[in-house]
Amino acid sequence: MPSPVDIRGQIQLWEEAGWIRTLDLELALMLADTVQLNDDWPLLLVVFASHQLGRGHSCVDPQSIYNDPDRYLALPPDGARNSAVMTPSQLLAEISLDCWMALLSDSVLIDQGAGSAPLVYDAGLLYLRRMWLLECLVARSITERTSKDRATSDLISNDLATLFPTHAELDWQKIACAVAASSYFSVITGGPGTGKTTTVVRLLALLNQQALRSGMTLNIALAAPTGKAAARLTESIEGALQSLPEGYAEGLSSEVQTLHRLLGVIPNSGRYRYHKNHKLPVDLLVVDEASMVDLSLFAATLDALPEHAQLVMLGDKDQLASVEAGAALADLCTDAEVGGYTQTRVDWLARVTGCKIDQWLGSQGDSGNLQLNQHLVMLRESHRFSAESGIGQLASAVNDGLSDRVEQLLITESDDLRRLNVDELQRTLKGLVLGDQHFAGYRAYLTLLEGVVTDDQAAEVLAAFDRFRLLSALRRGPEGVVALNEQVESILNAEGLIERDSHQESEWYVGRPVMVTQNDYVVGLANGDIGITLMTESGLRVAFAQAAKSQDKQSHQDEAERRGKVRWIHPSRLQSVETAYVMTVHKSQGSEFEHAAYLSPSRSNPVLTRELLYTAITRSKSRFTLVEMNRSVLMHTVSAKVERASGLYKRLAKALL
């Protein structure tokens, strides 16, 4: 159906108005120049698919686009729109639904997967071909790995009893350990403090002990999506290894790498050293903070994994999804709360763990992925937050979208939770960032900066800085991290805690905290690493925490002795860093702070969702402050839920029937 309007002209106007990305426009125009189109209507499908990919969606629903097209683009409020630019709804009013859906089968730009068209329409969803191929690879690999159980030792019951000596009628950590031990692919999910790290360390001990008894060496790799998450997991595992029963820690290491480093990323290529034709030399791979793993990285990990190897995905399904496209962990954990175990699985778990989980039985007639569910465990008891904890209750209420309950908790407050209503942001920030005896701020680390510092003093400064962090949902604008960092610098400078001369050319000063924003393989720093600028005998240097590593097969006791060491980097070698008094909630994933504060902005924004707020709250270990700019925006955040378009769950359900 020829269009009565100039579609190419309109999408160019969309790009000029900021409704779509330049990349979306250029892809559509490139494809238009590459093939002969009967009309330009399919270019709209290209634009929508590309634009949604930039928003984290691996696919789009064409019928949903037709029914409500305006919500799929970054449109400003009605009063701020240029009347010369047609909105998507105005443009699609020129074509019927039948003609719109017919484009999916009639256009040379789209096929059902068998050909080589740039877009694929499959099971009611439209993909850019690369995303469709990635999703198919992930689904196929998981299907193969969950189609068979891994043989376990007859001694598994004895090992589990030794590793979990406290008898509990229902011990989900013990159940998770048993499930993962018997699986080639498994997922362990749970909120903060539910014992994910404790569980995985005991799993490592169990599997390693069984391998040693058989005269084998188990090659174990531990990974996380970011350097910060890897460093935190290393520290957590070091502590957990100390609590293992005698003999069970033998041969275990706490070294954790980023996934990119493990896979051997080749800089500026998008390719990895390890892939389907050059497999990783591992028998067991554990990936922590799996909610941050995007579809592309997940596919690359599965592709590089040997057939015999086990993969354990660990993470909180309710946290923010990855920055890039996909929400693999959330898709895999769709049925986590209901369980959905078969009678065979329930009976086996009762036999090896002594735990009865009959109430989490599923059946073939249930809606859900019955086969996948046998390899999925949700940890349900928080050991960090008690039932009376304000933080724990607030996180739960936000996660459930209970606005009234959230309001009640914030009004009541508690020892670990407070709300600050903002009348003047600068004054509120001052009290917040300086801190007090109950709620840590930045004064604590800045008072340690007298004179030239040693390695041990630098480690103390880094630890003190990590006691508190101010989080924002936004990067730009008066309530974004860029502006807030400038305000915090101004406050600390006025208090005499830092010496920052706004007229000097250099942005470096003693006490400046910085965050690495891109992986730097030359310097050996990862995206998300935090450093503090300090004065040394050689001048200004930036101190970064040196994660313990297991080299030359040194024991975990040797690693523990090396804790507290730092790496010193000259500021001129740091090409991609930013001031880090304030960081986005996205960047805070994988980190925990004694006191975390979140600035809820004054205006609505599409990024404001309950997942973002939940993630901000659960960065707190013992104190949380909510800085509220606008009550209605906060309540809207609680009610807004991330819905990332994906076909992975349905694809797995179809494959596993």
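Guide: Apart from neighbours within four places in sequence, Tyr445 is in contact (heavy atoms within 4.5 Å) with Val461, Ala464, Phe465, Gly511, Pro513, Ile532 and Tyr581. The model is a predicted one, in which local features need pLDDT of at least 70 and side-chain atom pairs count only at pLDDT 80 or more, while totals for chains, interfaces and linings use all residues. Residues are numbered from 1 along each chain as its sequence is written, and side-chain values use heavy atoms, with hydrogens and water left out.

Val461, Ala464 and Phe465, which Tyr445 contacts, are among the buried residues of helix 21 (residues 455-465), a set that also includes Ala458, Ala459 and Leu462. Here buried means under 20% relative accessible area, exposed over 50% and partly exposed in between, with a 1.4 Å probe and protein chains only; helices (H or I, at least four residues) and strands (E, at least two) are DSSP runs numbered from the N terminus. The buried residues of helix 21 pack against helix 20 (443-446), and also against strand 13 (468-472), strand 14 (513-516), strand 15 (530-536), strand 16 (539-545) and strand 17 (566-569).

This region belongs to a wider picture. In soluble globular proteins, nonpolar side chains tend to be buried together.

Turning to the chain as a whole, the protein has 27 helices and 21 strands. Its radius of gyration, taken over C-alpha atoms, is 26 Å, close to the 26 Å that the globule rule (2.2 Å times the number of residues to the power 0.38) gives for 657 residues, so the chain is as compact as a globular protein of that length. Along its principal axes the C-alpha trace spans about 75 × 70 × 50 Å. Of the 657 residues, 56% count as buried, and of the contacts with a separation of 6 or more, 74% are between residues 24 or more positions apart.
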